[in-house]
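Dear colleague,

I am handing over the structure below, and I would be glad if you could look through it with my notes beside you.

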Amino acid sequence: MIPLRRPPLPVELGVRLGVQRERLAARPRVDVPTARDAWRGARTVRRDIGELLVLMAAGHARCMYCCDSQGTSVDHFEPIMLAPLRAFDWSNHLLACSYCNSNQKRELFPRDDVTQECLLVDPTVDPPERHLRLRLGDGRYRGLTEKGRRTIEVFGLNSRQSLVLGRLDAVAQCQGMLRDSVRQTGGGNLEGARRMLAALSRRPNGDVLYAMLSRRDLPDAARLLGGDDVVTALHQLAAMIDKARLV
């Protein structure tokens with residue numbers, strides 16, 4: 001997982017969401033079937049929320065949970081089954097691939113037995129790096145907290161072999177593209193290097209690149225990440241990302 005910034009709702013969409021919430025709350029009985037019917041019936045709202053989620057997703061509309069597959073559906077982080085009144089809550093919407101949404105998470109929403117705190121990482125609220133860490137050597141996540149461990153379990157981040165192998169491939173691919181950007185910079189092709197880094201930042205498995213970026217300042221970064229040229233390119237990419245955020 002990687003941290004994501006949730007943008008404010010456009011005013012007009014916020015108004016329409018508010019209307020839907022009020023209509024739902026005004027029903028004589030707000031149960032799960034009623035909320036699901038209301039959500040399914042709000043087609044334009046669902047479409048517009050989906051489009052906004054695509055804009056805030058990593059890469060080209062990657063799933064906000066696995067970072068691998070394309071996000072194809074609006075997931076209710078706290079499921080409608082447990083919180084029907086949150087069906088139209090913008091802060092409760094995330095972009096998910098069909099596998100994470102329908103095969104892994106489903107209606108699961110583990111909570112701490114004592115505090116009732118949710119034990120799943122919401123990448124728009126919780127800094128993922130505080131709860132789980134991607135090991136670049138084997139493509140698997142290590143849970144740092146109970147929330148991280150439950151997130152790994154619920155979404156199958158380690159048990160789905162395709163994800164693990166995809167991350168390992170992504171490490172090699174990122175290293176190759178980073179080295180190529182350094183070569184292009186050294187050869188005077190600054191624009192080519194910039195395009196290479198920009199393309200790298202949009203590729204699938206954005207959690208791999210995020211993990212590499214987060215370790216670029218470690219004393220043994222060159223050994224961990226594949227060489228001094230890879231570390232140099234990661235610093236260039238980080239500067240480019242920071243500049244884009246300031247524009």
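R179 counts as partly exposed at 25% relative accessibility, where buried means under 20% relative accessible area, exposed means over 50%, and partly exposed lies in between (1.4 Å probe, protein chains only). Its salt-bridge partner is D229, with the closest N and O atoms 3.8 Å apart, a salt bridge being a side-chain nitrogen of Lys or Arg within 4 Å of a carboxyl oxygen of Asp or Glu. Because D229 sits in helix α10 (residues 228–246) and R179 in helix α6 (residues 161–186), the pair ties together parts that are 50 residues apart in sequence. D229 is itself partly exposed, with a relative accessible area of 29%. Salt bridges that share partners also join E12, R16, R47 and D48 into one network.

Please keep in mind that this is a predicted model, in which local features need pLDDT of at least 70 and side-chain atom pairs count only at pLDDT 80 or more, while totals for chains, interfaces and linings use all residues. Residues are numbered from 1 along each chain as its sequence is written, and side-chain values use heavy atoms, with hydrogens and water left out.

In total the structure holds 22 salt bridges. One of them joins D126 to K147, the closest N and O atoms being 3.3 Å apart. That pair links distant parts of the chain, since D126 is in the loop between α4 and β3 (132–135) and K147 is in helix α5, 21 residues apart; helices (H or I, at least four residues) and strands (E, at least two) are DSSP runs, numbered from the N terminus. D126 is buried, with a relative accessible area of 13%, and K147 is buried as well, at 9%. A further salt bridge is that of R29 with D31, whose closest N and O atoms are 3.4 Å apart, and here R29 counts as exposed, at 64% relative accessibility.

Turning to helix packing, the axes of helix α2 (residues 32–41) and helix α3 (residues 43–56) come within 5 Å and cross at roughly 75 degrees. Axes are lines fitted to C-alpha atoms, for helices over the stretch in contact, and angles run from 0 to 180 degrees between N-to-C directions. The two helices α2 and α3 are therefore roughly perpendicular to each other (angles under 35 degrees count as roughly parallel, over 145 as roughly antiparallel, 65 to 115 as roughly perpendicular and the rest as oblique). W39, R40 and G41 of α2 meet R43, R46 and I49 of α3 in this contact, contact meaning heavy atoms within 4.5 Å.

Helix α4 (residues 98–105) and helix α5 (residues 146–155) pack at an angle of about 100 degrees, with their axes 8 Å apart, and are therefore also roughly perpendicular to each other. On the α4 side the contact is made by C100, Q104 and K105, and on the α5 side by E153, V154 and F155.

Finally, the cysteines: the count comes to 0 disulfides, where a disulfide is a pair of cysteine sulfur atoms within 2.5 Å. The sulfur of C63 is 3.8 Å from the closest cysteine sulfur, in C97, which is too far for a bond, and C63 counts as buried at 2% relative accessibility. C174 is in no disulfide either, the nearest cysteine sulfur, that of C67, being 12 Å away; C174 is buried, with a relative accessible area of 0%.
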